[in-house]
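This report describes a protein structure through its strands, its sulfur atoms and a few individual loop residues. Please have the sequence and the 3D view at hand while reading.

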Amino acid sequence: VQLQACGGGLVQAGGSLRLSCAASGSIFSINYMGWHRQAPGKQRELVASTTVSGTTNYADFVKGRFTISRDNAKNTVYLQMNSLKPEDTAVYYCNAGVMGPRDWGVGTQVTVSS
């Protein structure tokens, strides 16, 4: 599966961004789609995930601020990020798989200025 993410950029604290990620290739195998992020000097961490049935999972640090959604017809997953904080600054990676991340896209940079 190939994953193409877009939507990153520079935003002020309190602002919003929407990331999107389109899957192509062997998409019939995709159940899980999600987003991880990695800040400089830190480990990659889960942000949010969703399954084809609509089950979602969020990291505690984004609950109430970020929303993951999915368009199964378009094989696209979205991450709406509101109330952004400087600590949300990271490279965000889209991923997809059956029960968890298997295929990864090229990351997109999100920078939140204070």
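In this predicted model, an open sheet of four strands is arranged in the order β1-β3-β8-β7, and its pairing is antiparallel. At the edges of this sheet stand β1 (2–6) and β7 (66–71), each of which pairs on one side only. From one strand to the next the twist averages 15 degrees. Within the sheet, β1 and strand β3 (residues 17–24) are held in the antiparallel sense over five bridges, and Q4 has A22 in β3 as its bridge partner.

**Overall build**

Taken along the principal axes, the C-alpha atoms fill a box of roughly 40 × 25 × 20 Å.

Of the 114 residues, 45% are buried. The protein exposes about 5,800 Å², and carbon and sulfur atoms supply 51% of that area. When contacts between residues at least 6 apart in sequence are considered, 52% of them join residues at least 24 apart.

Which residues of strand β11 lie on its covered face, and which on its uncovered one? The strand spans residues 108–113, with T108, V110 and V112 on the covered face, whereas Q109, T111 and S113 belong to the uncovered face. In a regular strand the side chains alternate between the two faces of the sheet.

Strand β11 is paired with strand β2 (residues 9–12), the two running parallel and being joined by four bridges; here V11 has V112 in β11 as its bridge partner. Strand β11 also pairs with strand β9 (residues 90–97), in this case in the antiparallel sense over three bridges, with A90 standing opposite V110 in β11.

| Strand pair | Sense | Bridges | Example of facing residues |
|---|---|---|---|
| β1 and β3 | antiparallel | five bridges | Q4 and A22 |

**Cysteines**

The structure holds one disulfide, which joins C21 to C94 with an S to S distance of 2.0 Å. This pair links distant parts of the chain, since C21 is in strand β3 and C94 in strand β9, 73 residues apart. The torsion about the S-S bond of C21 and C94 is about -85 degrees, so the disulfide is left-handed. Both C21 and C94 are buried.

C6 is partly exposed, with a relative accessible area of 41%, whereas C21 is buried.

**Residues in the loops**

F61 is placed in the loop between β6 (56–58) and β7, and with a relative accessible area of 31% this phenylalanine is partly exposed. Leaving aside neighbours within four places in sequence, F61 is in contact with R37, E45 and L46. From F61 to N95 the separation is 34 residues in sequence and 19 Å in space, taken C-alpha to C-alpha.

Two further loop residues deserve a look for their backbone torsions. N75, found in the loop between β7 and β8 (76–81), has a phi near 50 degrees, a positive value in a residue other than glycine. S83, in the loop between β8 and β9, has a positive phi of about 50 degrees although it is not a glycine. At 42% relative accessibility, S83 counts as partly exposed, because that value falls between the 20% limit for buried residues and the 50% limit for exposed ones.

How values were computed
Residues numbered from 1 in each chain as written. Predicted model: local features only at pLDDT ≥ 70, side-chain atom pairs only at ≥ 80, totals over all residues. Heavy atoms only, no water. Buried < 20%, exposed > 50% of the residue type's maximum accessible area, 1.4 Å probe, protein only. Pairing = 2+ DSSP bridges. Axes fitted to C-alpha atoms, helices over the stretch in contact; angles between N-to-C directions. Disulfide = S-S within 2.5 Å. Contact = heavy atoms within 4.5 Å. Areas by Shrake-Rupley, 256 points an atom, 1.4 Å probe, with all protein chains shown as cover.
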